[in-house]
Amino acid sequence: MAYDPDNIFAKILRGEANAHVVLDEEHCFAFMDLMPQSPGHTLIIPREPAENIFDLSDEGLAHLTATTRRVARAVKTALNPAGLMIAQLNGVDAGQTVFHIHFHVIPRYAGEGLTFHARTMADADELAANAARIRAALAP
């Protein structure tokens, strides 16, 4: 499949679709997942157009993984989950639903079961509050 410049993440990068922004930098962008598997579920994407990990340049992958780690640390600091899951899916059969490479940072809380991916929209106020807390934890 060829990269589709009209995918939702490309639209978010161009400002054509809204997102609860966590981080906006030269190489990467992070925002709250609208249908989170857990409160604080954050997505990190490169600005480089790439469908999956195999299409992303080495430099782009280096920026994306470093940024994912920074965001994961901020999620851990801001939300204090019992654990943290980081996932990256490639292709339909792996569960990829948006074909712009991205990492998921998914907080795991004690006693909480993980919900299904992309099933239920989260409350916008909760997303905005979590984005603000994570942004604050990213601040120098």
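The largest nonpolar core in this predicted model has 22 residues. Val22, Leu64 and Ile134 have the most contacts inside this core. Which elements give two or more residues to the core? Strand 1 (21-24), strand 2 (28-32), helix 2 (58-79), strand 5 (103-108) and helix 3 do. Helix 2 gives the most, with seven residues.

Look at leucine 64 next. Leaving out residues up to four places away in sequence, Leu64 touches Cys28, Ile44, Ile45, Pro46, Leu56, Ile101 and Phe103. There is also a second core, separate, with nine residues. Phe9, Ala17, Phe29 and Leu43 are among them. As a general point, nonpolar side chains in soluble globular proteins tend to be buried together.

How many cavities of 30 Å³ or more does the structure hold? One. Helix 3 (residues 124-138) supplies the largest share, three residues.

Asn130 is found in helix 3. Buried or exposed? Asn130 counts as buried, because its relative accessibility is 8% and the cut-off for buried is under 20%. Again setting aside residues up to four places away in sequence, Asn130 touches Met32, Pro39, Gly40 and Leu79.

Methods: Residues are numbered from 1 along each chain as its sequence is written. This is a predicted model: local features need pLDDT of at least 70, side-chain atom pairs count only at pLDDT 80 or more; totals for chains, interfaces and linings use all residues. Side-chain values use heavy atoms; hydrogens and water are left out. On a 1 Å grid over the protein atoms alone, a cavity is a set of points where a 1.4 Å probe fits but cannot get out, and a pocket is an open set with protein on both sides within 12 Å along at least five of seven lines; lining residues have an atom within 4 Å of a point. Grid points are joined across faces, edges and corners, and a volume is the space filled by probe spheres set on the points. Helices (H or I, at least four residues) and strands (E, at least two) are DSSP runs, numbered from the N terminus. Buried means under 20% relative accessible area, exposed over 50%, partly exposed in between (1.4 Å probe, protein chains only). Contact means heavy atoms within 4.5 Å. A nonpolar core is a set of buried Ala, Val, Leu, Ile, Met, Phe, Trp, Tyr and Cys residues joined through side-chain atoms within 4.5 Å.
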